[in-house]
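Morning, everyone. I have one model to walk through today, so please bring it up on your screens.

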Amino acid sequence: GDDDVAAVPQGAMRAAAVNRGLLLHALFERLPPVAPENRRAVALRWLAVQAADLDVAARAAMVDEALGVLNDRAHSALFGPGSLAEVPLSAVVDGTVVAGIVDRLLVTADAVTVIDYKTGRHVPDSAAAVQPSYLRQMAAYRGALAAIFPGRRIDAALLYTAGPRLIGLGDALLDAHKPGLAATKANLGG
């Protein structure tokens, strides 16, 4: 779909924001298996190598943000045993091919939870205030996962790391943004 997210910074600011997001994603991928009491030291050592161009305070702030998410009880299952990071998926949803890499996936006997990280500084007040392009993305992931795991409840949420704040995206909200809906509306003159 169209990218209707508010204009991102350009030039060096954009590169710094993208790099920060990539580093945070990497921390969320690497830190969960590390014992909680060792995570800070491990993260700081890793960032000292991977982001040597950042000053010590910036690296420490990034570690604080990552640990704020990982140490929050509301998110513990998402980063616990059995959860998966950076999971590729693809499926056909209502005639549309959906392919992507989900940031976090938790699969249980009766449900699948898909999480996408948002590392920007803007945290919406509610699910209704989430950018439509993010809702389309999550609706597509939900549809693909429903095809891959038939019969299981699919829960989708965005994890805004700056909060940290987990915003659940209900079925009714995502149904309005599911793949193919815009094309269907256009064909129907809507």
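The chain exposes about 10100 Å² of surface. Carbon and sulfur atoms supply 57% of that area. Keep in mind that this is a predicted model. On the inside, 38% of the 190 residues count as buried.

Now the layout. There are six helices and five strands. Starting at the N terminus, the order is α-α-α-β-β-β-α-β-β-α-α. Take the contacts between residues at least 6 apart in sequence: 63% of them join residues at least 24 apart.

Next, the interior. In soluble globular proteins, nonpolar side chains tend to be buried together. Here, the largest nonpolar core has 25 residues. Which of them touch the most other members? They are Val114, Met138 and Leu169. H4 brings the largest share, with seven residues. There is also a second, separate core of 20 residues. Its members include Leu24, Ala43, Ala66 and Leu159.

Stay with Val114 for a moment. Leave aside residues up to four places away in sequence, and Val114 touches Val102, Arg104, Leu105, Met138, Tyr141, Leu145, Asp155, Ala156 and Ala157. One of those, Ala156, is the bridge partner of Val114 in S4.

That takes us to the strands. S3 and S4 run parallel, paired over eight bridges. The chain gets from S3 to S4 by way of H4, and this β-α-β crossover is right-handed. S4 also pairs with S5, this time in the antiparallel sense, over five bridges. Those two strands make a hairpin, with four residues between them. Within that pairing, Tyr160 stands opposite Arg165 of S5.

Is S4 largely enclosed or open? Six of its eight residues are buried, so S4 is largely enclosed by the rest of the structure.

Last topic: charges. Side chains of opposite charge can pair when their charged atoms come close. How many salt bridges does the structure hold? Six.

Look at Arg40 and Asp64 to begin with. Their side chains meet at 2.4 Å, N to O. Arg40 sits in helix H2 (residues 39-50) and Asp64 in helix H3 (residues 56-70), so the pair ties together parts that are 24 residues apart in sequence. Arg40 is partly exposed, at 37% relative accessible area. Asp64 is partly exposed too, at 41%.

Then go to Asp116 and Lys118. Their closest N and O atoms are 2.6 Å apart. Are these two residues buried or exposed? With buried meaning under 20% relative accessible area, Asp116 is buried at 4%, and Lys118 is buried at 12%.

Arg153 and Asp155 form another salt bridge, with 3.0 Å between the closest N and O atoms. Arg153 is partly exposed, with a relative accessible area of 46%. Asp155 counts as partly exposed as well, at 27%. You have met Asp155 already, as one of the residues that Val114 touches.

Finally, find Arg142, Asp171 and Asp175. Salt bridges link these three residues in a network.

To recap: a largest core of 25 residues, a largely enclosed strand S4, and six salt bridges. Over to you.

Notes. Residues are numbered from 1 along each chain as its sequence is written. This is a predicted model: local features need pLDDT of at least 70, side-chain atom pairs count only at pLDDT 80 or more; totals for chains, interfaces and linings use all residues. Side-chain values use heavy atoms; hydrogens and water are left out. Buried means under 20% relative accessible area, exposed over 50%, partly exposed in between (1.4 Å probe, protein chains only). Contact means heavy atoms within 4.5 Å. Accessible areas come from the Shrake-Rupley method with a 1.4 Å probe; for residues, only the protein chains shown count as cover. A nonpolar core is a set of buried Ala, Val, Leu, Ile, Met, Phe, Trp, Tyr and Cys residues joined through side-chain atoms within 4.5 Å. Two strands pair if DSSP finds at least two bridges between them. A crossover is right-handed if, with the strands pointing away from the viewer, the path from the first strand over the helix to the second runs clockwise. A salt bridge is a side-chain nitrogen of Lys or Arg within 4 Å of a carboxyl oxygen of Asp or Glu.
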